Amino acid sequence: MQPMIVVKDLKKIYKTYEREPGLINAIKSLFHRKYEYKEALKGISFEVEEGEILGFIGPNGAGKSTAIKALSGVLFPTSGEVNVMNFIPWKDRVKYVKHIGVVFGQKEQLWWDLPAIDTFYLHKDLYEIEEKEFEKRLKNMVKILQIEDVMKTPVRDLSLGERMKCKILAALIHNPKLVFLDEPSIGLDMVAKERLVDFIKDVNKKYHTTFIVTTHDMQDIERLCKRIIIINHGEIIYEGFLEHIKDKYLKKKLIDVKFESQKSDFNLKGCKILNKTKYEIKIELNLEKNSIRNLVDYLLTNFEIVDITVQDPTIEEIIKTIYQNV
Amino acid sequence: MYKKIKSIIRMGFKDAVAYRFHFYITLITSPLQLLIYYFLWKAIFSYSGQEIINGFTFELMISYYALNMIIAFFTWSGVEEWLEFDVRNGELVNMLLKPFKVAYFYFFQILGVNSLSIILEMAPFFLIAVFFFGLKIAPVFYFLTFVISIVLAMILNFLISYLVGMTAFWFNRIGGIRRVKRATVVFLSGGMIPLTFFPIAFQKIFNYLPFQYIRFVPINIYLGNYPYLKVLIMIGIQITWILILYAIAEFVWYKAFKKFAGAGA
């Protein structure tokens, strides 16, 4: 069976102009503008299966939002192919968007001067949801997202987090098969974030809904996604399971040693001392240059050991190094 | 489809209700505006000593302006401002995510705003014009065709507005273009002075432009200045213009959407 989303060599080039600061340069740019072409996406390809929760991550300006926009049909790419549920998103926009839900964390997607509930009812008609079904879903989602009290207040009077919850409800009320969440946890407190994660997992399980999530919060990613795509400078630099990322990029271990006394100064190939006190030493071991075994041997001969802990760096740290290396 | 349209109109209406104060203000200022025209033309008529100027008696002239304002309420279209805002801030993305054609969505939203305007501006002002400014109630045929022609005028004005608004895809800020457009439309539609005040050559040119069908023609229909057949022909021309502008708008939209980058996040 064909995957739900097939992306082939997707490219997007933006045309912008550059201007030096200052008034003189502003006047100059009246007559002559130096145009620049910015390659937001340099031809990315990937596939997504139905029912998956895919993490789409990358540093600022990596091209995540551009990719989400092209996939959700609101942007005309420069070249490349996208096939989602047999639609070409930007060509079949009106028909296609009926089957998807999109939350842009940075955008106001509700009627600013009206209570959120008005937008929910608009969506009921726009997406042709049956009255009974709508009431049932609304009741259920309002309870989980805890927005009984806020959905009748004009949106402009709500807090960032409250608006986010209402936006999520508005994007999911028609029970779409595919959901794009672009920075969905902005403005949410810890409890609300956890609830959101549970909610997404629940919807995913119950309706086999596919989610594509972009976020800078690695905790969200770890809790939600099995598979991730890391994108930087418009290119995919990692695609695969979150667990495998450790195998591929885990070149370091953190070792914490507590001891009573030492016979000589610590000095071993491939090790970096991160922190040292009289009875404790923190070491970063580079696995390409030396092994755990050698290190432990070395420690046992040279130190009167009390305790050793060996740790992997967190996913967040691994991804940080991936960002920095590219 | 009907349900979707109703729902969008309702949104526009509710949104306008949130700003109802604006309508109350115009309800006070518009009779004052008509009063200014009243004294202005009174002075002009007494100075010239003529009973009829360019085909208008004094009473007809005041009716002309009253109807002009009534049509202005109903044909209001903020779509060029909305488009400018949405394109510049990238909020157009929200429009694009709705399973509905963008132009239609804006149109029905504006229809919602204008429905509130019927209740809060048009109807009260019509009564004021009838009771205090001597506006006569038109015979049934002219009244009904007038209603049809202002609905068409509203669509026509919307399409012109929408076309101008789409320039925002290329220029981002279109405050200047908008002002030029507003002046052009008010002037060439007969919103400033009746078009019969222009030289014949100009009037001939106006016949080939869409603008007079927004104000001048509907007003003349109401005032009974056209024979029955001409009324129907005029409505036919209105419809033709709507079809022409709609085709152009579709074409420009296709280009504009390609251009749209979705500024911001």
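Trainee: What makes 31 residues from chain A and 33 residues from chain B part of the contact?

Mentor: Contact means heavy atoms within 4.5 Å, and 31 residues of chain A and 33 residues of chain B take part in it. Keep in mind that this is a predicted model, in which local features need pLDDT of at least 70, side-chain atom pairs count only at pLDDT 80 or more, and totals for chains, interfaces and linings use all residues. Residues are numbered from 1 along each chain as its sequence is written, chains are lettered from A and ligands numbered from 1 in the order in which they are written, and side-chain values use heavy atoms, with hydrogens and water left out.

Trainee: How much area do chain A and chain B bury between them, and what does "buried" mean here?

Mentor: Buried area is the accessible area (1.4 Å probe) that two parts lose on being put together, summed over both. Here that comes to about 3,000 Å², 62% of it on carbon and sulfur atoms. On the chain A side, F76(A), W111(A) and L126(A) provide 22% of the area buried against chain B, more than any other three residues.

Trainee: Why is the pair D118(A) and K14(B) called a salt bridge?

Mentor: The rule asks for a side-chain nitrogen of Lys or Arg within 4 Å of a carboxyl oxygen of Asp or Glu. The closest N and O atoms of D118(A) and K14(B) are 2.9 Å apart, so the pair passes. The rule finds two salt bridges across this interface.

Trainee: Which parts of chain A supply at least two residues each to the side that touches chain B?

Mentor: They are α2 (64–71), α3 (93–96), β5 (100–104) and α4 (116–126) of chain A; such helices (H or I, at least four residues) and strands (E, at least two) are DSSP runs, numbered from the N terminus. The largest share, seven residues, comes from α4(A).

Trainee: Why do β5 and β9 of chain A count as edges?

Mentor: Look at the order of the six-strand open sheet, β5-β6-β7-β3-β8-β9, whose pairing is mixed. β5 and β9 (235–241) each have a single partner strand, so one side of each is left without a neighbour in the sheet. The twist averages 15° from one strand to the next.

Trainee: How do you know that β3 and β7 of chain A are paired?

Mentor: Two strands pair if DSSP finds at least two bridges between them.

Trainee: What describes two packed helices?

Mentor: The angle between their axes and the distance between the axes. Axes are lines fitted to C-alpha atoms, for helices over the stretch in contact, and angles run from 0 to 180 degrees between N-to-C directions. For α5 (residues 131–145) and α7 (residues 190–207) of chain A, the axes come within 10 Å and cross at roughly 150°. Among the residues making the contact are M141(A) of α5(A) and F199(A) of α7(A).

Trainee: What makes E52(A) and R227(A) a salt bridge?

Mentor: Their closest N and O atoms are 2.4 Å apart, so the pair falls inside the cut-off you already know. Over all chains, the structure holds 22 salt bridges.
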